[in-house]
Amino acid sequence: RLSGAFARGDFHLFFQPQWLLSDLSAPIGAEVLLRWRDAELDAIGPDVFIPILEESGMMVEVGRWIIDQALDHLKANRERLPEDFFLSVNVSAIQLMDDAHLADHVIDALQRRNLPTSVLELEITETALIQSPHWVGQQLQALYEQGICIALDDFGTGFSSLSHLKQFPFDTVKIDKSFIAGLPDS
């Protein structure tokens, strides 16, 4: 069913607002989340279908589609959004390792829509850093040098390392909820 999801138009994007705690009057951005609703199977969670996309080799194509669709939505709604509104898009480890032209695609997608690089943040997990640190580092550096913000997602899960914070060009670190679950008592 997943292999035909693109053709059937089963994928859609969900935009989860991000807020600045000191000013809750309007969201400052949104995290872009891929969702799949199948006519026969109903809604399937990303924890089920993302690993299949990665294993099947479809993740690069789907990842590029996510970036393009997200930027299309932003461009269409830019007039109604706060001036500094940005989108945060998850990039899988497979995309970083297998898409040699990821940085070029991202920059081209922004230029074609006449959008500044400041409207996009790419989120990666530490899994990508561990699997191929040299290549992923080059990819991230190329994006960072073009003005794309880079976020480290779910820091604290798996093989977390503070050295990653020094080794790679991160603008944002999203700490896993397991680190803050006991606050302020623990």
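Tutor: The protein chain has 9 helices and 7 strands. Both are DSSP runs, numbered from the N terminus: helices are H or I with at least four residues, strands are E with at least two.

Student: What are the ground rules here?

Tutor: This is a predicted model: local features need pLDDT of at least 70, side-chain atom pairs count only at pLDDT 80 or more, and totals for chains, interfaces and linings use all residues. Residues are numbered from 1 along each chain as its sequence is written, and side-chain values use heavy atoms, leaving out hydrogens and water.

Student: What does the C-alpha trace span along its principal axes?

Tutor: About 45 × 40 × 35 Å.

Student: And what share of the residues is buried?

Tutor: Buried residues are 40% of the 186 in the protein chain. Buried means under 20% relative accessible area, with a 1.4 Å probe and protein chains only.

Student: New topic. Where does Glu 31 lie?

Tutor: In strand β2, residues 29–38.

Student: Buried or exposed?

Tutor: Glu 31 counts as buried because its relative accessibility is 9%.

Student: Which side chain makes a polar contact with the Glu 31 side chain?

Tutor: That of Asn 90, at 3.0 Å. A polar contact is a pair of N or O atoms within 3.5 Å; within protein, one must be able to donate a hydrogen and the other to accept it, and residues adjacent in sequence count only if both atoms are side-chain atoms.

Student: What else does Glu 31 touch?

Tutor: Not counting residues up to four places away in sequence, its contacts include Phe 14, Phe 15, Glu 123 and Lys 174. Contact means heavy atoms within 4.5 Å.

How values were computed: Buried means under 20% relative accessible area, exposed over 50%, partly exposed in between (1.4 Å probe, protein chains only).
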